[in-house]
Amino acid sequence: MTKGIVYLVGAGPGDPGLITVKGLECIRKADVLVYDRLASPRFLAYARPDVEIIYVGKSPDRHAMSQEDINQLLVDKAKEGKVVTRLKGGDPFVFGRGGEEAELLVENNLPFEVVPGITSAISVPAYAGIPVTHRGYTSTLAIVTGNEDPNKDDSSIAWDKIATGAGTLIFLMGMANLPAICTRLMEFGRSTETPVALIRWGTRPEQRTLIGTLENIHQRALEANFKNPAVIVVGEVVKLREKLAWFENRPMFGKRVIVTRSREQASVLSSAIEALGGEPWEFPTIQIAEPEDFTMLDSAITDVRSYRWVIFTSVNGVQRFFERMRNNKKDIRDLSDVRLCAIGPKTREELEKRGLMVDYVPGEYRAEEIVAGLRGKVMPGDRVLLPRADIARKLLPKALEEMGALVHEVVAYRTVLGDGNAKAIRESLANGDISVVTFTSSSTVQNFVKLIAEEDLPRLMEKVVVASIGPITSDTARKLGLRVDVEAKEYTIGGLVQAITEHFTGQKDS
């Protein structure tokens, strides 16, 4: 049997964007994905559909699986000839027990690779605005386990040396021992007024930071009910937080946002949310599929010179139309005498990428505005081609026909039910983990309701902000029993992001 291989991958501190490129490659090629509670579940979206996923999360009060069992699991799966990716929070070799896992693999003559990760010891303080070293404060740093009881007689930690031997001290997994850690440091010469920062769930939307001194931080933690997982930072560099805090100051910090667009188009909205401090969760409620029959589309493309206007209502329509043109051995020269209309700037950009100039873009990006703008441009008898989705609204072709145009509506693509993980989203909604759900079309709303399949969906989303890209989408949401809290004034992704930002900051453009 072919030997498998194990990749010991550091997933970083929690922000999915902080995993390495090689780490993502290991997730994508894994037959078996073994992950713990500090590795973001969003990484699972990068895995193959047929991957075997095994959760082995450990927390201070309970273990899903013991470390010995995890070690043996990696061996067993590799012996089956599988590619195993062991996804660990932070770095595998910084208090991650990756060394123990690697040792057993060596003993069993199994190949492995270590993919380092960004350790929480430096990244979490950075996200709290605390550089662990700074020329004006200290050039020394020590990273210490917080799991070991500082009061035990045979401690492996030289408290008498580390207390004053390094300018910045980082304790990982030490909340349970916080009072003893502070006491030890003060006993061995560290000033009682030394600044201390506690950073919980660092780099994630739940990040919280508590500041105090060695003398009072434990009492402050009790009062704030501050618990694991947290990083403890001791040293004068903590004073820089007041000046350098950045992550928690962004307008969408702490907000988890569901993106319901198709996988192909979700990245634009997701990136905008991340840039403002939110955490996007992609839940594709729609997929873009080919027409069941290309006959009508191919016929229109063959005869495209006969049309006076071609009106594109989406980026998808442009992409699928020109894919089919290539398939039919046609190119843009056939459009030399055809006038082009595009709904929205993104649709226009998609046409301009192909060297085409757009004759008309409406001021508002919906069918009603197109009709108003085309009056006087589309003349009676003009042939108009509408290559678009199978479920598109009928208002536009009907209005054009009333203006005397000869409208040929063809299906360029189909919008079908998406394959998002409905169970995970349903559980997250029930647990109160979701802040916002975004809808960018009526079909995203309709399919969201179908996929969640929850009779009491309005109650489930009672504390969730529902954000819509425009009035048509909002109307659909309301008809399905959903309250709409945010509606974009400009019916674009940029307009939607701006509306969500204004909702949370209370600021509006003058």
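Trainee: Which strands does helix α3 (residues 98–107) lie across, and how does α3 run relative to β1?

Mentor: Helices (H or I, at least four residues) and strands (E, at least two) are DSSP runs, numbered from the N terminus. Here α3 lies across β1, β6 and β7, running at about 170° to β1 (angles go from 0 to 180 degrees between N-to-C directions, with axes fitted to C-alpha atoms, for helices over the stretch in contact). Bear in mind that this is a predicted model: local features need pLDDT of at least 70, side-chain atom pairs count only at 80 or more, and totals for chains, interfaces and linings use all residues. Numbering starts from 1 along each chain as its sequence is written, and side-chain values use heavy atoms, without hydrogens or water.

Trainee: In what order do the five strands of the open sheet come?

Mentor: Strands pair if DSSP finds at least two bridges between them. This sheet reads β3-β2-β6-β1-β7, with parallel pairing. β3 (52–55) and β7 (112–115) sit at the edges, each pairing on one side only. Ignoring direction, neighbouring strands are turned by 15° on average.

Trainee: How many bridges link β1 (residues 5–10) to β7?

Mentor: Four, in the parallel sense, with V9 partnering V115 in β7. Helix α1 (residues 21–28) packs on this sheet too, touching β1, β2 (32–35), β6 (83–88) and β7 (contact: heavy atoms within 4.5 Å). The direction of α1 makes about 135° with that of β7.

Trainee: At what angle do α9 (residues 266–275) and α19 (residues 493–505) pack?

Mentor: About 30°, with axes 10 Å apart. The two are therefore roughly parallel (under 35 degrees; over 145 is roughly antiparallel, 65 to 115 roughly perpendicular, the rest oblique). V268, L269 and A272 in α9 meet I493, L496 and V497 in α19.
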